[in-house]
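Visitor: Please pick one part of this structure and take me through it closely. I want to know how it sits against its surroundings.

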Amino acid sequence: MATRDILKTLRAEHDELRQLFEQMEGTTDRAAKKRADLLARIKANLLPHAKWEETVFYPMFAERADRDGLKTHAEAVEEHRAVEKTVPPDVHAAEFGTPQFAGRVKVFGEMIDHHASEEESTMFSMARKLFTAKERAGLDVAYEEWKASPAAAALTAVAEAKTGLKAAARRVTRRAQ
Ligand SMILES: [Fe+2]
Ligand SMILES: [Fe+2]
C-alpha cells in the first residue's frame, strides 16, 4: 500500500471538487434537479475539507511557517473567508433553473479552483518540507477519523446553516425593496 499523506488526500479532494464543478458546467437551465444534486455534493465535499483546513491544518502550518509561509497562510485564510461569505449565499439565492444560478456557480467553481491551485503550488509544497512523511501520514489518519466524527458534522452543519440563513435574509430584503 502506498504511504498515506494528508497532502495527497487534500489534493485528491480538490480534484473531486473540480470534477463536480465541471459536471455542473455541463448542465442546462432545464436540469434543475441535477444542479441541486450536484450543489449538494459540492457542499458535502467542500465543507469538511475547508473546516478541517481552517481548524487543524492551517494553524499547524502557521506554527512552523517562516515569514513567506505566514503570508501564504494569511492569504489562504482570507480566501476561505471571502468564499464562505459571498459566493455560496449568492448561489443559494438563485433558482436552480436560471442563468443566474449557472453564472454564480461558475464563479464559485473558479474561486475554488484558484484557491486549490494556489494551495497545491505554494502551501502544500511548503508543508512537504515543514512536516515529515510520518507526520503527514498521521495527519491523514486523523483527518479521516475527524471526518467521521460528530465534531465534523457539527462544524459543517453550522457552516451550512450560516450560508442558508444569509441567502434567506437576502431574499427577504429583495422582496421588501
Ligand atoms: Fe483551503
Ligand atoms: Fe484545500
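**A close look at helix α2**

Guide: Helices α2 and α3 are roughly antiparallel to each other, because the angle between them is about 155 degrees and angles over 145 count as roughly antiparallel. Their axes lie 11 Å apart. The crossing of α2 and α3 is left-handed. Keep in mind that this is a predicted model.

Start with the contact itself. On the α2 side, L39, A50, E54, Y58, F61 and A62 take part. On the α3 side, they meet G69, L70, H73, A76, V77, H80 and V91.

Now take α2 by itself. The helix covers residues 32–64. It has 33 residues. From its first C-alpha to its last, α2 reaches 46 Å. That is close to the 48 Å expected at 1.5 Å a residue. The helix also bends, by about 45 degrees, at E53.

Which residues of α2 are buried? They are R35, L38, I42, L46, L47, P48, H49, K51, W52, F57 and F61. An α-helix has 3.6 residues a turn, so residues three or four places apart point the same way.

W52 counts as buried because 22 other C-beta atoms lie within 10 Å, and 20 or more is the cut-off. Leaving out residues up to four places away in sequence, W52 touches F57, Y143 and W146. V87 is 35 residues from W52 along the chain, and their C-alpha atoms are separated by 20 Å.

V56 is also in α2. Its count is 15 C-beta neighbours inside 10 Å, so V56 is partly exposed. Y143 comes up again here. V56 and Y143 are 87 residues apart along the chain, yet 9.0 Å separates their C-alpha atoms.

Further along α2 is E63. Is E63 buried or exposed? E63 is exposed, because it has 10 C-beta neighbours inside 10 Å and 12 or fewer is the limit. E63 and A44 are 19 residues apart in sequence. In space, their C-alpha atoms are 29 Å apart.

Next, α1. This helix spans residues 6–25. The axes of α1 and α2 are 10 Å apart, and the two pack at an angle of about 160 degrees. That angle is why α1 is roughly antiparallel to α2. The crossing of α1 and α2 is left-handed. From α1, the contact uses L10, E13, E16, L17, L20, F21, Q23 and M24. From α2, the contact uses R35, L38, R41, I42, N45, L46 and H49.

Then α4. The axes of α2 and α4 come within 12 Å and cross at roughly 30 degrees. α2 and α4 are therefore roughly parallel to each other, as angles under 35 degrees count that way. R35, L39, F61 and R64 of α2 make this contact with F101, V105, M123, A127 and L130 of α4. The crossing of α2 and α4 is left-handed. R35 takes part with α1 and with α4. L39 and F61 take part with α3 and with α4.

A kink of about 40 degrees is centred on E119. E119 is also one of the buried residues of α4.

H115 gives a contrast within α4. H115 is partly exposed, because 19 other C-beta atoms lie within 10 Å and buried needs 20 or more. Not counting residues up to four places away in sequence, H115 touches E79 and V83. A159 is 44 residues from H115 along the chain, with 19 Å between their C-alpha atoms.

Note on methods. Residues numbered from 1 in each chain as written. Chains lettered and ligands numbered in written order. Predicted model: local features only at pLDDT ≥ 70, side-chain atom pairs only at ≥ 80, totals over all residues. Bend = angle between axes of the 7 residues up to and from the residue. Helix = DSSP H or I, 4+ residues; strand = E, 2+ residues; numbered from the N terminus. Contact = placed C-beta atoms within 7 Å. Axes fitted to C-alpha atoms, helices over the stretch in contact; angles between N-to-C directions. Parallel < 35°, antiparallel > 145°, perpendicular 65-115°, else oblique. Left-handed = near helix turned anticlockwise from the far one by under 90°. Expected span 1.5 Å × (residues − 1).
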